[in-house]
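Take a walk through this model, one step at a time. Keep the sequence and the structure side by side as you read.

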Protein chains: 4
Amino acid sequence: MITKEKGMTFLKTQRKYAAILGNLGNTKDRFCGGYKDNPDTMEMLRRASKIESVRGIELVGTWDVRRDNYCEVKRAFDSLGLSCVSIIPDLFADKLWGSGSIAAKDKSVRIKAMEYLRVMCGIALEMNCKIINIWPGQDGYDYPLQGNYIEERKHMTENIAKIAAEFPQLRFALEYKAKEPRTHSYLARMADTLLVCLQTGMDNVGVTIDTGHSFLGGEIIAEAVVLAKAAGDKLFHMHFNDNYRSWDDDMIVASIHTVEYIELIYWLDECGYGGWFSMDQYPYREDAAGAISESILWLKKFDILVDENREALSKYIAAGNAVATSQFLRSLI
Amino acid sequence: MITKEKGMTFLKTQRKYAAILGNLGNTKDRFCGGYKDNPDTMEMLRRASKIESVRGIELVGTWDVRRDNYCEVKRAFDSLGLSCVSIIPDLFADKLWGSGSIAAKDKSVRIKAMEYLRVMCGIALEMNCKIINIWPGQDGYDYPLQGNYIEERKHMTENIAKIAAEFPQLRFALEYKAKEPRTHSYLARMADTLLVCLQTGMDNVGVTIDTGHSFLGGEIIAEAVVLAKAAGDKLFHMHFNDNYRSWDDDMIVASIHTVEYIELIYWLDECGYGGWFSMDQYPYREDAAGAISESILWLKKFDILVDENREALSKYIAAGNAVATSQFLRSLI
Amino acid sequence: MITKEKGMTFLKTQRKYAAILGNLGNTKDRFCGGYKDNPDTMEMLRRASKIESVRGIELVGTWDVRRDNYCEVKRAFDSLGLSCVSIIPDLFADKLWGSGSIAAKDKSVRIKAMEYLRVMCGIALEMNCKIINIWPGQDGYDYPLQGNYIEERKHMTENIAKIAAEFPQLRFALEYKAKEPRTHSYLARMADTLLVCLQTGMDNVGVTIDTGHSFLGGEIIAEAVVLAKAAGDKLFHMHFNDNYRSWDDDMIVASIHTVEYIELIYWLDECGYGGWFSMDQYPYREDAAGAISESILWLKKFDILVDENREALSKYIAAGNAVATSQFLRSLI
Amino acid sequence: MITKEKGMTFLKTQRKYAAILGNLGNTKDRFCGGYKDNPDTMEMLRRASKIESVRGIELVGTWDVRRDNYCEVKRAFDSLGLSCVSIIPDLFADKLWGSGSIAAKDKSVRIKAMEYLRVMCGIALEMNCKIINIWPGQDGYDYPLQGNYIEERKHMTENIAKIAAEFPQLRFALEYKAKEPRTHSYLARMADTLLVCLQTGMDNVGVTIDTGHSFLGGEIIAEAVVLAKAAGDKLFHMHFNDNYRSWDDDMIVASIHTVEYIELIYWLDECGYGGWFSMDQYPYREDAAGAISESILWLKKFDILVDENREALSKYIAAGNAVATSQFLRSLI
């Protein structure tokens, strides 16, 4: 069911790097109100634009962009030479969605969530932004016997299908994450999110992989990429960060994992992914621009490794001999 | 996409209990060759038949049933009044499948695995057994850069589609498990297994939930049941055991979890599951018949709790108020 | 090395229940600034005093109690008939301690942390509070090659020894937690915290078990209780809540685990624990007083179960027969 | 409490590499009786002796060495120029210890375990082997309410103290592992094992770190090394392998982790570890000698990296700036 494009030539220079704007400011956790002072949106944009290779920015709805400021934000993007890669509607921080947004038990909340999504889609069109990155972080459940899995999943699927039908010019990238802020999210891993995509029946509904969410969910990210390809080219977007596999620590890329990123890049290329590489971190205690920059520089290093060794990697994957692969990887360092 | 059957009446007496035969004997792990002596197949059958409520038995191919003994085994089933619930082809213990079976890199191994499956399907037909429970435990990978996720997943899907087409009288229940014996299995959780089912396009391909595998994979089992329902009544079979969520400990049901089984039974009924409740444990150090019996008795206890409180449970799920649900659950004990 | 007190008679009415005041208000996480409105300290105290069986309150330093308000708070305690069970100095929420407090790399920060602790100890003496519950949540590290394990652990131990020597009238209960807000904390589990206790050489330094932290750390809580007993009666305090074992979800007691609490209470009594049972939850989306009350009522239920079956429990533990224990537990429900 | 030896010069050539003999043969798991054919002890020794840099061998008692063959084994060691690094008494594979060995509930089993240990200690003396590596894998519990934590831990401690007192010429290295074959082991992590060491009061009782067990237990290995140092130079031995942090996969070193090994080697040197680097793997499907060799070659690579960058590493650890450390690590590749 996957047709590998033969002779596909990968050009490293085509890689498009981006960052989520909030990475440059937001540093609160449930204990501490903020490890650093939070610059305003315009100052964060200026700082982001100075990070080498960053050409695109993702905005969180309401936080960064609203009806009252999107024209100003768009002008700032234009003057700084940045693209608006995606808008991430805030379906997670407003207490209105505290017990769910598009899959909430409360119908009036679902209606408000859809109205809010429409506003954000409208702004996206105005800003020439192609992707709505939907992370329905509050849509899930905390306790056993709390979720009505049938009804709430149905609301989720129907509402995504509806908004996607209303805005055919936009692509809706569903970002999965197994837990936090709920102990369990309805969009937990790649495969269940693909089932939702397929159930919507909409071509413009796909998936965002956040590398940390994938680690957290117990996935091998490269395999998640292949699952999305096999389901019909459903990988729309990529968020990058690292963690210890048990929580969404949102750390610098490659601070924990190494070979997994090499494998990921290999399979992203095999599957013909042409989207953005966007950084999504929480540099609570670190210099934010430095942390984002490090992630990009590691990804570039891995890109070079993969590019220079693509044939060898194919050969080792085909053979599946762990000893030989270890020898090869050792030779790269 | 799910039509709940209104007015569905649940009768506890309809529940059908079974056990995997090997539970009564096999107790080796990678260190110890056997914590107890292993009785032979006929002795295990006799012991199983004496466990209260056990009316069906699952057999592991080759271990328990082969071309040379299936007539004798069938006679024993008949004389003991047992049904052959499923045959579980041995795609995991024979060193021939050490690096994969139906998804192996080696084409000659895949061909042998398919030939073996055909033999087992033939025996199933002879034994009036309706389910082939496929657990492709060796189909996966251990190391990064070892699996060719595109090719091997394609082999898996195509071979399952092929055997299912060849034996339309049988139902093929795919048993997922995130890891062991490989560090990563291709059939890891409900959602990715449903994607394989859908990709085969065959109505007689569905899923087995092993409750321990579901815990291990980070799932809420009840939600996995609903996913299977929503994908088109794809829950074909159930294996029961318990563990600490981090490994397939194959313990007595309810030794660790409680409310999760109550929730599971509630949603199995909501989704109209009418299949077997089969025990799948590894009583390394315990009396085997006693351990199986305990699991069944716990499930019966939960059945009664659910049956007596079905309306209340529906109401608490609809409300989703954790404090009220806690009060209610406390009143049950 | 443990002398079990023979003939020890357990009286349920001796159990002392408490709650951490912030449970009644604080509901922010790193995404949402607050799922509910936060009542002020006095209002939280009034609400806490109305929860059945709550006779004591733990205060977080600075948040709830400071030099400028402790007299007023003390009057409120007196008028409401509450005891101040412990003060939990805020070593985790002030950005000053963002990279560590008593084990910080920065000596000036360590000095400030000690000065702050002295203020809190002084207030404790004024309030007739016997326990300083030290949770050094920021003392740890996030990245590999970030912590100087030798030096920072030494600072931690020396500073705890120093403050304990300065305030011999107080007991210092060290609360361990493997992670959050750092990816790794220096006080991670019971055994490493006991090593710190022993290294201080101070009798008034012991440990707080937070049941959720113990689950999170992969411990069996009852065994942690026994470790503390064996190290010289080092269990000073208990915090109660529940979670799914992978994160500090701070849920209602018994919402996930059941038998573990029964076992815990059994061993608390065996080890002669006579301290408080204090509730420590984060009822983000729940009625706070209701959530605390539920936890206490579950603990009382377990207390009754243990009290009525103490001899049987001893017998089943002595035998270690999982099938027989399962039968017994089934009979209790 | 730790005195760092100033001016300590590290010479890479001093590193002593070893392997556990069974790595070259044993490949069974609980499903498959053996992925490869098992060579006999003498053949395994010959193969081990040919792996570059391997100068020492660890033997499992009974499996590899017994009263009836130790003279022959010793001659083979001598003729192959190998040292017997340790004997690992088989307290885990014999069904006699199925429910515990030195901490078993059954006194007659404990007595037999001690008699067996004495035999193994006697053989060690004859073979000029200095370390008894005790892995009491069956000493623990599977179910809640199964372990008598007070009594069984006391048996464990007293029996270790006793055997250590009887054989003062030997060093007893306790190998911890949180689980498998029991769901919970009494020696679970470094800190609790150090508490046992301290409770024995014997200088010749210390700890073995198995890197995979440390990952599995949620430890940062380098910090475990420092804990052992701080408790009085208690790190007696090192076993090396790798895994995915959730199970003892016994994989080739550095197949998953990278920076953790660099950090580990740095702190081993800081703490003056002078013992063996012994490989402990389960190459189920791999060429065994190749898998062991790869682990050693990766460790040598890390040794060079650490040796060439020791001052820089010290500086980055002292600063604790994750961005700067990331830049530095990136420059190494």
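In which loop of chain C is C:Pro181 found? C:Pro181 sits in the loop between strand S6 (171–175) and strand S7 (184–185) of chain C. The model is predicted. In that model, the peptide bond from C:Glu180 to C:Pro181 is cis. Its omega is near 5°.

Turn to chain A. A:Pro181 lies in the loop between strand S6 (171–175) and strand S7 (184–185) of chain A. The peptide bond from A:Glu180 to A:Pro181 is cis, again with omega near 5°.

Now look at chain D. D:Glu180 is found in the loop between strand S6 (171–175) and strand S7 (184–185) of chain D. D:Glu180 is not a glycine, yet its phi is positive, near 75°. Is D:Glu180 buried or exposed? Its relative accessibility is 10%, so D:Glu180 counts as buried. The cut-off for buried is under 20% relative accessible area.

D:Asp233 belongs to the loop between helix H7 (221–230) and S9 of chain D. D:Asp233 has a relative accessible area of 47%, so it is partly exposed.

Next comes D:Asp250. This residue lies in the loop between strand S9 (235–240) and helix H8 (259–270) of chain D. D:Asp250 has 4% relative accessibility and therefore counts as buried. What does D:Asp250 touch, leaving aside residues up to four places away in sequence? Within chain D, its partners are D:Asn241, D:Asp242, D:Asn243, D:Asp280, D:Gln281 and D:Tyr282. From chain B, D:Asp250 touches B:Arg30. D:Met44 gives another point of reference. D:Asp250 and D:Met44 are 206 residues apart in sequence. In space they are 18 Å apart, C-alpha to C-alpha.

Step back to chain A as a whole. Chain A has eleven helices and ten strands. Its C-alpha atoms fill a box of roughly 60 × 45 × 40 Å along the principal axes. How does the radius of gyration of chain A fit a compact globule? A compact globule of 333 residues would have a radius of gyration near 20 Å. Chain A has 20 Å, so the value agrees. Of the 333 residues in chain A, 71% are buried.

Take the contacts in chain A with a separation of 6 or more: 76% of them join residues 24 or more positions apart. The accessible surface of chain A comes to about 10,700 Å². Carbon and sulfur atoms account for 50% of that surface. Chain A carries 40 positive and 46 negative side chains. The centres of the two sets lie 2 Å apart.

Finish with the contacts between chains. The size of an interface is often given as the accessible area lost when the parts come together. Chain A and chain C bury about 3,700 Å² between them, and carbon and sulfur atoms give 52% of this area. A:Arg30, A:Phe31 and A:Tyr143 supply 26% of the area that chain A buries against chain C, more than any other three residues. This contact takes 43 residues from chain A and 43 residues from chain C.

The contact between chain D and chain A takes 24 residues from each chain. The area buried there is about 2,200 Å², with 64% from carbon and sulfur atoms. D:Val323, D:Arg330 and D:Ile333 supply 29% of the area that chain D buries against chain A, more than any other three residues.

Conventions
Residues are numbered from 1 along each chain as its sequence is written. Chains are lettered from A and ligands numbered from 1 in the order in which they are written. This is a predicted model: local features need pLDDT of at least 70, side-chain atom pairs count only at pLDDT 80 or more; totals for chains, interfaces and linings use all residues. Side-chain values use heavy atoms; hydrogens and water are left out. Helices (H or I, at least four residues) and strands (E, at least two) are DSSP runs, numbered from the N terminus. The radius of gyration is taken over C-alpha atoms; the globule rule is 2.2 Å times the number of residues to the power 0.38. Buried means under 20% relative accessible area, exposed over 50%, partly exposed in between (1.4 Å probe, protein chains only). Contact means heavy atoms within 4.5 Å. Accessible areas come from the Shrake-Rupley method with a 1.4 Å probe; for residues, only the protein chains shown count as cover. Lys and Arg count as positive and Asp and Glu as negative; His and the chain ends are not counted. The place of a charge is taken as NZ of Lys, CZ of Arg, CG of Asp or CD of Glu. Buried area is the accessible area (1.4 Å probe) that two parts lose on being put together, summed over both.
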